[in-house]
Amino acid sequence: MTPFADILAQAEARAGGAERLAERMPDISPPEALRRIADDRYLSLMSRRVFRAGIRHSVVDDRWPAFEEVFRGFDPGAVRAMSDEDLEALVKDERIVRHWGKIRATRDNAAAMLGVAEQHGCFGDYLADWPGTDIVGLWADIAGRFSQMGGNSAPRFLRMAGKDSFILTPDVVRGLNAAGACEGTPSGKRARAAVQQAFNGWAAESGRPLAHISVALALAGSR
């Protein structure tokens, strides 16, 4: 498998130098910062990810104050208590994106988040305690617990929340293929475990977080 030093050199060349590459790197929150974020903010971020999927992000982001209002500040208990009639009324509210499946998923995810809090103390503890050496396991756990969080939605949500994660974008997949970490798109459990092992090796080699390795791979694999 290609050493990360070689991948980094390719990424720096395509970015226009090490400083330009550093500017592209996402912020990563330490575990103590993840623990301090309230569950309503995590539900808000998760819901924003759900509503963003498949449409221009700015359409959702421009309307987010209205989302905060109609979903009761994304307090998980308050959202879980919303009736079917409450949700149906939102389909007619022109201030938000009126997608019934995503509106209903918001209530489902509030209930799921309360379940996580019962098990772990709060959602932030759940994220903070999950080891980065098995981040694909966290993707699977989130996808299994929460509605409309399959595919790349879980890793994109984690990136939004500041939890260190790579994302299997087309460019990252091309970078992984070129580096010899996998063949094609790693969609199955075994393939994703192999990708995780590759990222763990590069993290040990470089001391860099998964998200930064992901960005370097994306640049190295870009067309």
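1. In this predicted model, the largest nonpolar core has 66 residues, and those touching the most other members are Phe71, Phe123, Leu176 and Trp202. The helix that gives the most to this core is H15 (residues 210-221), with 8 residues.

2. Phe123 deserves a separate look. Leaving out residues up to four places away in sequence, Phe123 touches Asp39, Tyr42, Met46, Met113, Val116, Phe146 and Phe157. Phe123 also belongs to an aromatic cluster, together with Tyr42, Tyr126, Trp130, Phe146 and Phe157.

3. Is helix H4 (residues 39-52) largely enclosed or largely open? Of its 14 residues, 10 are buried, so H4 is largely enclosed by the rest of the structure. The buried residues are Asp39, Tyr42, Leu43, Ser44, Met46, Ser47, Arg49, Val50, Phe51 and Arg52; Asp39, Tyr42 and Met46 are among the contacts of Phe123.

4. The length of H4 can be checked. At 1.5 Å a residue, its 14 residues should span 20 Å, and the end C-alpha atoms are 20 Å apart, which agrees. After H4 comes Gly54, with a positive phi near 85°.

5. Thr106 sits in helix H9 (residues 100-120). Its relative accessibility is 2%, below the 20% limit, so Thr106 counts as buried. With neighbours within four places in sequence set aside, Thr106 is in contact with Leu43, Ser47, Phe51, Phe71, Phe74 and Val79.

6. Trp64 is in helix H6 (residues 64-70) and Phe74 is in the loop between H6 and helix H7 (76-80), so the pair ties together parts that are 10 residues apart in sequence.

7. How do the rings of Phe199 and Trp202 meet, stacked or edge-to-face? Their centres are 5.9 Å apart and their planes are at 80°, so this pair is edge-to-face. Both residues lie in helix H14 (residues 189-206), 3 residues apart, which is about one turn of the helix. Phe199 is buried at 0% relative accessible area, and Trp202 is buried at 2%.

Notes:
Residues are numbered from 1 along each chain as its sequence is written. This is a predicted model: local features need pLDDT of at least 70, side-chain atom pairs count only at pLDDT 80 or more; totals for chains, interfaces and linings use all residues. Side-chain values use heavy atoms; hydrogens and water are left out. A nonpolar core is a set of buried Ala, Val, Leu, Ile, Met, Phe, Trp, Tyr and Cys residues joined through side-chain atoms within 4.5 Å. Buried means under 20% relative accessible area, exposed over 50%, partly exposed in between (1.4 Å probe, protein chains only). Helices (H or I, at least four residues) and strands (E, at least two) are DSSP runs, numbered from the N terminus. Contact means heavy atoms within 4.5 Å. The expected span of a helix is 1.5 Å times one less than its number of residues. Rings of Phe, Tyr and Trp (its six-membered ring) pair if their centres lie within 6.5 Å; planes under 30 degrees apart count as stacked, over 60 as edge-to-face and the rest as tilted.
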